[in-house]
Amino acid sequence: MTNKDVAERTEKQTASSEWLTFLVFTLVILPGIAVAAIGSYGLAIWIYQMIYGPPIVG
Amino acid sequence: MITKLKNLALSFWRVMSKPATKISLGVLAFGGFLTGIVFWGGFNTAMEMTNTEQFCIGCHEMRDNVYVELQDTIHYTNRTGVRATCPDCHVPHNWSHKVARKMQASKEVFGWVFGTINTKEKFEAKRLELAQHEWARFAANNSLECRSCHNYDSMDWEKMSPAAKFYMQPASERNVGCIECHKGIAHHLPINDSGVNPILAKVEQGATSQTLEEGKQYFVVKPIAIYEDEDLTKQAGTLSYAAPVKVIEKKDDKVKLQLKGWRKDKGFGRVYHSDFGKNIRVAVMEKDPAQNPDLISVGLSQNDPATGLDWSEVTVEFWAKEGAFIPDVATLWNAAGEIYSSNCSTCHAQPDPAHFDANSWPAQFNGMVGFTSMDPSTQALVLTYLQLHSSDYAEGTH
């Protein structure tokens, strides 16, 4: 195997691992984090209201 | 397994922490932007999906109970064809509170999984509690969801029927929340088969499991018969709401109780009051037991200058059955306060209990109570509540 072959191979590997990482991150991890963040925001309001009562509107 | 995961995370981090070499910045930025749009669109679509009537009545608990009831009301069919769906009234419209409500729905999911209200009977048993949650929510936000459609400012008093205007116009001036008067407008009101006010029924229910201890003080949660003998054969009289009693002896489920009160020396002295000179009833004795020195010890007589009547302190001992007493009278007052405010605020701002003194309340109360749907025993409780929270007893009032 020549040096050139090795270089081409690692380049291909890098490309596919970059694509895989990008897709996993944007399609799985980030949506997961977003849903979890919104969910815990809602939960935080709920817990706040359990302690301090519902929002009073005049 | 763990090392495999660790390696995966490490190689993920290695790629993530370095600039991309094979994907252009443009593709990355566009890809991030696009997935962001898709995500947010999807998220809101999913949230909207859970905010439809179809979703709500997907569970038979909703479809067979509350949804059926809604169909008979003006919020379902009417001459204009505008209608309210479940989430219009029951889910906050503002985004933050909507998200919080969606999280709270985890409780409903729990109830659905474990079948908390999966039969008609279970639902009816829970109806009051569930209704109270919604009433409390509407009371706190001053009927915010109703006001998404109904607005005091847009009401044309001239087009309103005189009867409706009579109540609605003063309510609008004080910005009274809709739910204060319009409970049961879209679903059936909680009904209690026994005819007892459901709020009171709950307190009475709590008292049935209360075991009494000797030497401690308790309060009676409903009018009960009291007896001269421990076999409960000779009735001595009747205790009134919230009468404070001390347990002196206990035999099985029967208790010997002591009550201290005041009576007017005039007549047979059958009615006992909670305090000197105050017409707050705690017990009514039968004619003979009221004169029986074996049961009753009478203290020194005092003259009440306001009425010219002589009052004596009395201590009476009698037998009664367990199951109608609670150690903390506040439970009873909370229930009475709730009944008072929900019944009286239907038409007007109810006066603070401390607005009148104990002896003025009966006339005030009896003049108004005919407009409410309180049954006679509930009336007696609410009157006692008002008297014991009147200006004679409230702190910091005249």
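Reader: What is the relative accessible area of Glu48(B)?
Author: This is a predicted model, in which local features need pLDDT of at least 70 and side-chain atom pairs count only at pLDDT 80 or more, while totals for chains, interfaces and linings use all residues. Residues are numbered from 1 along each chain as its sequence is written, chains are lettered from A and ligands numbered from 1 in the order in which they are written, and side-chain values use heavy atoms, leaving out hydrogens and water. Relative accessible area (1.4 Å probe, protein chains only) under 20% means buried, over 50% exposed, and in between partly exposed. Glu48(B) is partly exposed, at 43%.

Reader: Which residue meets the side chain of Glu48(B) in a salt bridge?
Author: A salt bridge puts a side-chain nitrogen of Lys or Arg within 4 Å of a carboxyl oxygen of Asp or Glu. For Glu48(B), the N to O distance is 3.4 Å. Its partner counts as buried at 10% relative accessibility, and the side chain belongs to Lys98(B).

Reader: Where is the kink in H7(B) centred?
Author: Helix H7 of chain B runs over residues 120-140. The bend at a residue is the angle between axes fitted to the seven residues ending there and the seven starting there. In H7(B) the kink is about 50 degrees, centred on Arg127(B).

Reader: With which residue does Arg137(B) form a salt bridge?
Author: Arg137(B) is among the buried residues of H7(B), with a relative accessibility of 16%. The closest N and O atoms are 3.1 Å apart, and the partner is Glu145(B).

Reader: How much area is buried between chain A and chain B?
Author: The size of an interface is often given as the accessible area lost when the parts come together. Here that loss is taken with a 1.4 Å probe and summed over both parts. Carbon and sulfur atoms give 78% of the total, which is about 2400 Å².

Reader: How many salt bridges are there between chain A and chain B?
Author: The structure holds 16 salt bridges over all chains. Contact (heavy atoms within 4.5 Å) links 28 residues of chain A with 29 residues of chain B. Between these two chains the salt-bridge count is zero.

Technical notes:
Helix = DSSP H or I, 4+ residues; strand = E, 2+ residues; numbered from the N terminus. Expected span 1.5 Å × (residues − 1). Buried area = accessible area lost by both parts, 1.4 Å probe.
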